[in-house]
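Here's a quick briefing to read alongside the fold.

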Amino acid sequence: MLVGNEVKIEADEENAVPEREPRRGFLELVCVPINWLKTLSSETHSSFVFGVMVVYGLSQGLGGAFNGVGTEYYMKDVQKVQPSEAQIYSGITSIPWVVKPLWGLLTDVVPIVGYRRRPYFILAGLLGIISMLFLSLHSKLHLVVAVLSLTAGSAGEAIADVTVDACVAQNSNIHPSLAADMQSLCALSSGTGALIGFFMSGVLVDLIGPKGVFGLLTIPFGHVFIVGMMLHESHVPNVSFKEVNQKFLDAGKSIWTTLKCPEVWRPCLYIYLSLAVSLDIHEGMFYWVTDSKGGPSFSQETFGMIMAVGSVGSIWGALLYQYSLKDHPFQDLLFWTQLLFGLSGMLDLVLVLRLNLKLGLPDFLFVVIDASVSQMIGRLKWMPLLVLSSRLCPPGIEGTFFALLMSIDNIGLLSSSWGGGLLLHLVRVTRTQFDNLWLAILIRNFLRITPLGILFLVPRSDPNSDILPGQILSTKEDNQVIEDENFELASLVSNVDDR
């Protein structure tokens, strides 16, 4: 009887195994990102992780999607400008991102009423709220005033972004093995927010118009304002002008000393050139895909859905980098991503020449594939550049120097936007004329591959290796310009433990 019972028990256990395996696999799938976030929180700080998710996910992801789609339809349908002009105005509104080092220096060395961070978050939130309300409440706003309002909103977003960038740069130096993970967290937060934002933006533009969407943008900016009100930081009383001036001089000397190193200026030059020569002709493509004659004539809902699917491609790119490519050498990874970036642009050429219809692929399906592939490759190209930038920041001035590197990126994007606008003008692409759009795409695709010729400027090291010379690292560690605590986001919730 005993033997029979043992056999029965063994049989029951064998039968129970297939039922438990799917549950274990599902739980592991759910627990992996949770454990990853817990690891980042324990190694850095839980408030740092929370701050990244709020700024990148809500403000830049969700708010950026609303702003992007709303602005495109606002320029096209309300202001009725040409695509080349819209491309130029898009570059103007991005100027606050170009001067990010200014925001970094101000928040690092110029306290307001004794606080270094809280006033700037409050200022960022107020700028965004006021500018978005101004755009949404005026029915006939002059184009110049509208561009200025959009620029003010962009300034609010840029100022809020600087503090989190400082946290990422500083923690990348403290935990170099987690540098790629931190950039993955930024990318995933931004991609998830953008996915939700783009999915909703098309429907909202159709229901309430682009000006109504601008009104909704006060919600993300309102959260930025709340962060400024709730942020806990040390009070710095009685800061003299001489002290502030000395800190400016010290920061300037440190930046200049670092920039003179070949290990720094060479990759900086590559980052700028690789972005600048990849001309942006997005406005020309947007006007064409929404055109009722020559293009597919997509509606607002359809366009928003396409952008949402593109955001899924961006998330997949971030996941692919995180789990498969983050430890690869910079030079090798940038070679393949830049090459694929140029080749992926050929999908736009196939679409504009209507070759997809000859292959039996409807416009919507092909554009969805195009958006997903382009966003995924674009994210894979962008991620190593961000990690490389974070590894170039010397200790003590992480916030200011990372802002400087990001401004180089944004100058490259600005050059790309204005260069793309000039290209659209030269090939005579207008609101109703798209005969030469294929030529603009072909030129852009060729220029996207040219950065491969200057790839030698990028170090061959992997993200876990030190790039800065030893003397800079040791000098900056001994003479920090700004205390570490000023770079960290304090807890925004009451139950967060201290580090």
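In which helix is Asn410 found? Asn410 is found in helix α18, which covers residues 398-426. Helices here are DSSP runs of H or I with at least four residues, strands are E runs of at least two, and both are numbered from the N terminus. Keep in mind that this is a predicted model, where local features need pLDDT of at least 70, side-chain atom pairs count only at pLDDT 80 or more, and totals for chains, interfaces and linings use all residues. Residues are numbered from 1 along each chain as its sequence is written, and side-chain values use heavy atoms, with hydrogens and water left out.

**The overall picture**
- The secondary structure comes to 20 helices and zero strands.
- Of the 499 residues in the protein, 52% are buried; buried means under 20% relative accessible area, exposed means over 50%, and partly exposed is in between (1.4 Å probe, protein chains only).
- Take the contacts (heavy atoms within 4.5 Å) with a separation of 6 or more: residues 24 or more positions apart account for 86% of them.
- The protein exposes about 22400 Å², with carbon and sulfur atoms supplying 65% of that area; accessible areas come from the Shrake-Rupley method with a 1.4 Å probe, and for residues only the protein chains shown count as cover.

- Asn410 counts as buried because its relative accessibility is 15%.
- Leaving out residues up to four places away in sequence, Asn410 touches Trp97, Val98 and Lys100.
- Asp409 lies in helix α18 too, and it counts as buried because its relative accessibility is 1%.
- With residues up to four places away in sequence again left out, Asp409 touches Ile271, Leu275, Trp382 and Ser389.

**Around His282**
- His282 lies in helix α12, residues 282-289, and at 32% relative accessibility it counts as partly exposed.
- Not counting residues up to four places away in sequence, His282 touches Glu72 and Gln87.
- The side chains of His282 and Glu72 are joined by a polar contact of 2.3 Å; that term means a pair of N or O atoms within 3.5 Å where, within protein, one must be able to donate a hydrogen and the other to accept it, and residues adjacent in sequence count only if both atoms are side-chain atoms.
- His282 and Ser84 are 198 residues apart in sequence, yet 9.8 Å apart in space, C-alpha to C-alpha.

**Cysteines**
- The count comes to zero disulfides, a disulfide being a pair of cysteine sulfur atoms within 2.5 Å.
- Cys186 counts as buried at 5% relative accessibility, and Cys261 counts as buried at 10%.
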